[in-house]
Amino acid sequence: MSTSEKKGRIFILDDDELIAEMLARSLRKEGYEIQAETDTTDIVKKIESWHPDVTMLDIRLPDISGMQVLKELKERQVDAEVVMLTADDTAETAVECMKLGAADYLTKPFNIEEVQIVLHNLMEKERLLKEVTYLRRVSSELVQKDIIGISLAVNQLKSQMEKMAQAGVSTVLITGESGTGKEVLARYFHHMKYPDGHAPFIAVNCTALPESLIESELFGHEKGAFTDAKAEKKGVFELADGGSILLDEIADMKQDLQTRLLRVLEERTVRRIGGRKDIPVDVTVIASTNRDIKSAMDAGEFRMDLFYRLNTFSVQMPALRERGEDIPALAGHFLRHFTSRYNKRTPRAFSPEAEEVLQSYQWPGNVRELRNVVERIAVLESAEVITPDHLPQEIIKPVEIMGQRPSPDARQTSMSLKEIERGMIEEALRKTDYNMTRAAKLLNISYDTMRYRTKKYGIEVP
């Protein structure tokens with residue numbers, strides 16, 4: 001068995017050579033990496049330098065007590081769980097062990113199955129602690145609690161969410177294209193409503209979980225409710241009690257679950273699968289979707305009463321192409337984040353020319369696509385300042401401004417991208433007698449983008 005396959009590292013200290021060897025042999029067969037000692041000379045240093053996951057200590061040793069070794073390990077903050085081995089099964093001994101920081105103790109004579117259970121539980125506890133620590137670190141790195149941007153659309157969104165949070169609104173619907181940042185907006189609302197930072201926030205993707213599991217995941221189940229229900233389980237509504245739950249892609253939720261969700265929203269109680277009692281929950285429900293939820297309702301795929309229950313307070317996250325003035329700030333934010341994450345000092349910024357190219361691109365994948373592009377730049381480039389030459393080819397080749405290729409003459413002049421862009425907008429407006437809708441179609445952009453661009457360049461439309 002290779003080192004990578006081993007279950008963990010176990011240090012054994014027992015002055016009885018037969019016991020130490022028996023434990024070592026049995027645990028090696030189970031896949032543990034073992035160091036067994038009967039000599040207590042410099043024992044604390046030996047344990048500390050070997051970095052075990054678990055240390056098994058006999059209490060009665062010839063030159064030093066196991067209790068003293070345990071005490072020194074804890075004083076030196078050696079990162080290993082300790083299991084005490086003792087022939088004394090009195091409660092006083094157990095209490096003393098636990099007071100000094102032992103994770104568990106085993107009474108001699110012990111059988112190997114008992115030892116294996118104790119070690120398995122300790123290794124599982126260690127694995128879960130490491131996982132939680134990792135997830136908390138990653139979460140703190142990745143969770144964006146504010147909405148980056150200076151555009152009118154972003155300022156209006158933030159103002160709306162702040163007012164709803166202050167009013168105590170408990171149900172919100174967020175719509176918008178995929179990748180626009182609907183979860184970021186949901187988290188912003190959550191942090192506005194629960195500013196102390198202790199309230200739970202749980203996000204559930206309604207399409208990511210198998211249909212057979214999502215009901216149990218949302219509402220929980222009682223022991224024996226179905227074949228695999230070997231213990232009771234709280235659903236995310238109970239787990240999110242006192243905080244918020246984000247139901248992402250709500251428009252894809254099955255009809256029977258929509259019915260149950262409507263009941264939760266109306267009564268603010270949940271009933272576990274197989275349960276007989278209603279459990280009250282104080283939960284803010286934030287639903288989001290990238291689908292046209294009204295079309296889904298017209299097609300009979302979404303309940304009308306649930307839509308109107310959710311739609312009381314609804315906001316739309318604009319596409320990135322409709323908030324172009326936010327792109328430099330977003331790109332800069334992501335660049336700082338990823339250079340820090342990958343321990344790089346450069347790049348530090350985007351040049352004005354690179355920012356112009358980023359603003360001219362249509363970003364079909366929205367903020368998510370911009371984030372991915374900047375992450376790739378942060379990893380692969382080392383220049384102090386990012387110029388257009390450092391941008392991915394799918395953005396700069398061919399250079400397209402709002403769906404049209406610049407003329408050869410335009411590319412050969414010293415005109416800036418902004419000048420070319422402004423000229424194309426003015427030309428489209430002239431060709432359509434300054435009809436904004438027709439000009440937007442001619443340039444293959446949305447009406448909102450057309451309106452934003454004309455305002456940006458100060459173009460007056462009669």
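In this predicted model, five strands line up in an open sheet in the order S7-S10-S13-S6-S14, with parallel pairing. At the edges sit strand S7 (201-205) and S14, and each of these pairs on one side only. Going from one strand to the next, the twist averages 20°. Take the S7 end of the sheet to see how the pairing works: S7 and strand S10 (residues 244-248) are held in the parallel sense over 5 bridges, and Ile202 stands opposite Ile245 in S10. H6 packs on it, touching strand S6 (171-175) and S14, and the direction of H6 makes about 160° with that of S14.

A second sheet can be described in much the same way. It is open, has 5 strands in the order S2-S1-S3-S4-S5, and its pairing is parallel. Strand S2 (33-37) and S5 are its edges; each has a single partner strand, so one side of each is left without a neighbour in the sheet. Here the twist averages 20° from one strand to the next. Helix H2 (residues 43-50) packs on this sheet, where it touches strand S1 (9-13), S2 and S3, and its direction makes about 170° with that of S1.

On to the next pair: strand S4 (residues 81-86) and strand S5 (residues 104-107) run parallel and are joined by 4 bridges. Met84 stands opposite Tyr105 in S5. To get from S4 to S5, the chain crosses through helix H4 (residues 91-99), and this β-α-β crossover is right-handed.

Lys108 and Pro109 are joined by a cis peptide bond, with omega at about -10°. Pro109 lies in the loop between S5 and helix H5 (112-142). Another cis peptide bond joins Thr346 and Pro347, this time with omega of about 0°. One more backbone detail is worth a look: Asn366 is not a glycine, yet its phi is positive, at about 60°. Asn366 is found in helix H15 (residues 366-380).

Helix H6 (152-167), strand S14 (314-316) and helix H20 (447-456) are the elements that give two or more residues to the lining. Which element gives the largest share of that lining? The answer is H6, with 5 residues. Sorted by class, the lining of this second largest pocket has 6 nonpolar, 4 polar and 6 charged residues.

Notes
Residues are numbered from 1 along each chain as its sequence is written. This is a predicted model: local features need pLDDT of at least 70, side-chain atom pairs count only at pLDDT 80 or more; totals for chains, interfaces and linings use all residues. Side-chain values use heavy atoms; hydrogens and water are left out. Ala, Val, Leu, Ile, Met, Phe, Trp, Tyr, Cys and Pro count as nonpolar, Asp, Glu, Lys and Arg as charged, and the others, Gly among them, as polar. Two strands pair if DSSP finds at least two bridges between them. A crossover is right-handed if, with the strands pointing away from the viewer, the path from the first strand over the helix to the second runs clockwise. Axes are lines fitted to C-alpha atoms, for helices over the stretch in contact, and angles run from 0 to 180 degrees between N-to-C directions. Contact means heavy atoms within 4.5 Å.
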